[in-house]
Amino acid sequence: MSDGLERAAAVLAASRRPVAFTGAGMSKESGIRTFRGEDGYWRQYRAEDLASLEAIRRDPRTVWTWYSQRLLHNESVQPHAGYLALVEAGEYADGLPVITQNVDGLHARAGSREVVELHGSLRSASCTREVSRSFPLNRELLGEIPPRCPCGAALRPDVVLFGEPLPAAPMERALELAASCDLMLVVGTSMVVYPAAMVPYRALEEGAEVLEVNTEPTVLTGEPGVMSLRGPAGGVLPELVDMAWRS
Ligand code: BV8
């Protein structure tokens, strides 16, 4: 079920404090695989087998091979037109802060002024023994798999692994933005992972409208206060922003 682009554009143009909440589907058209889609990472592996502290301790080589492949692939991808549309919308409307579950850094690279990374990022890695010691995660550090701290212990990527609590400050900021926005664009997320998936529900509870952009229906589709645009972020978002402010 998909609502009209015209109505969605009118709601976006009228919003005073829009916020975006994005997941792996936002990066699909930049060439980064989703987690649970047909080509998703989790198709071959189970989340617990890769993105967990237990997995890093049990089998650091497999986990780091996966993260290293993702990091090196990240170097070759670019933010697509949907990212740039969110940046442009921010120029018309309150900066349009972005809350993301993604660790690929593409929103910041596209130029979004405020990006709240709920699940950390692939920019750095920390020592599993001296946890406060962190290092830029780059090709050089990946010369050895798993990369090691000078103390000899294995490093871990500074992403939030399954079973780990989310960092407090980003989650607090995300809930604050959800509570104060009048419109939340929910783009490219299956709404499966908690507590991140609480964020759009908080926006709805506080009276905001939600505009979902996804190629598939999710638990949000059809909920009161939710409009759904069925289609890829890289196509829908530029059309939406064009219609809201340019036509
Ligand atoms: C926590 C970082 C508690 C790493 C990620 C058992 C044990 C422990 C915990 C749990 C458990 N059972 C449940 C839990 C809770 C667990 C959870 O939610 N599990 C799920 C799977 C059921 N959560 C946690 O473990 C969290 N921590 O609960 O801690 C705690 C508290 C106090 C003290 C101690 C512990 C931590 C969760 C964070 C995990 N880290 N990522 C990394 O990236 O490697 S999660 C991972 O999933 C990514 O961040 C990803 O972004 C996120 C969510 O997935 P989506 O983004 O939605 O992506 P997905 O592929 O699922 O969907 C893509 C969507 O896009 C689809 O809807 C598709 O239709 C759409 N799409 C596709 N193409 C397009 C598109 N849309 C638009 N355009 C397109 N072109």
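1. Helices (H or I, at least four residues) and strands (E, at least two) are DSSP runs, numbered from the N terminus, and two strands pair if DSSP finds at least two bridges between them. Within this pair, C127 stands opposite L155 of β6.

2. A word on the basis of these remarks. This is a predicted model, in which local features need pLDDT of at least 70 and side-chain atom pairs count only at pLDDT 80 or more, while totals for chains, interfaces and linings use all residues. Residues are numbered from 1 along each chain as its sequence is written, and side-chain values use heavy atoms, with hydrogens and water left out.

3. Back to the sheet around β4. Its three strands follow the order β5-β4-β6, with antiparallel pairing, and the sheet is open. β5 (134-136) and β6 (155-159) each have a single partner strand at the edges, so one side of each is left without a neighbour in the sheet. From one strand to the next, the twist averages 40 degrees. Angles run from 0 to 180 degrees between N-to-C directions, and axes are lines fitted to C-alpha atoms, for helices over the stretch in contact. Helix α5 lies across β4 and β6, at about 50 degrees to β6; contact here means heavy atoms within 4.5 Å.

4. The other sheet is parallel: six strands form an open arrangement in the order β3-β2-β1-β7-β8-β9. At its edges are β3 (115-117) and β9 (226-230), each pairing on one side only. Neighbouring strands here are turned by 20 degrees against each other on average, with direction ignored. Helix α1 (residues 5-14) packs on this sheet and touches β1, β7 (183-187), β8 (209-214) and β9, its direction making about 125 degrees with that of β9.

5. Strands β1 (residues 18-22) and β2 (residues 98-100) pair in the parallel sense over three bridges, and A20 has V98 as its bridge partner in β2.

6. Now the ligand, which I expect you will open next. Its shell has 35 residues, the closest being F35, R36, R70, E164 and S190; a residue is near the ligand if one of its heavy atoms lies within 4 Å of it. By class, this shell holds 16 nonpolar, 13 polar and six charged residues. Here Ala, Val, Leu, Ile, Met, Phe, Trp, Tyr, Cys and Pro count as nonpolar, Asp, Glu, Lys and Arg as charged, and the others, Gly among them, as polar. Helix α5 (residues 60-74) gives the most to the shell, with three residues.

7. Which polar atoms would I check by eye? A polar backbone atom of A24 is 2.7 Å from a ligand oxygen, and a backbone N or O atom of E164 lies 2.7 Å from a ligand nitrogen. In the side chain of S190, an N or O atom is 2.6 Å from an oxygen atom of the ligand. Taken alone, the ligand exposes 1500 Å², of which the protein buries 74%; accessible areas come from the Shrake-Rupley method with a 1.4 Å probe.

8. Finally, some backbone geometry. A cis peptide bond joins I145 and P146, with omega about -5 degrees, and P146 sits in the loop between β5 and β6. Another cis peptide bond joins Y194 and P195, with omega about 0 degrees; P195 belongs to the loop between β7 and α9 (198-205). D94 is not a glycine, yet has a positive phi of about 55 degrees, and D94 lies in the loop between α6 (81-92) and β2.

Methods: A polar contact is a pair of N or O atoms within 3.5 Å; within protein, one must be able to donate a hydrogen and the other to accept it, and residues adjacent in sequence count only if both atoms are side-chain atoms.
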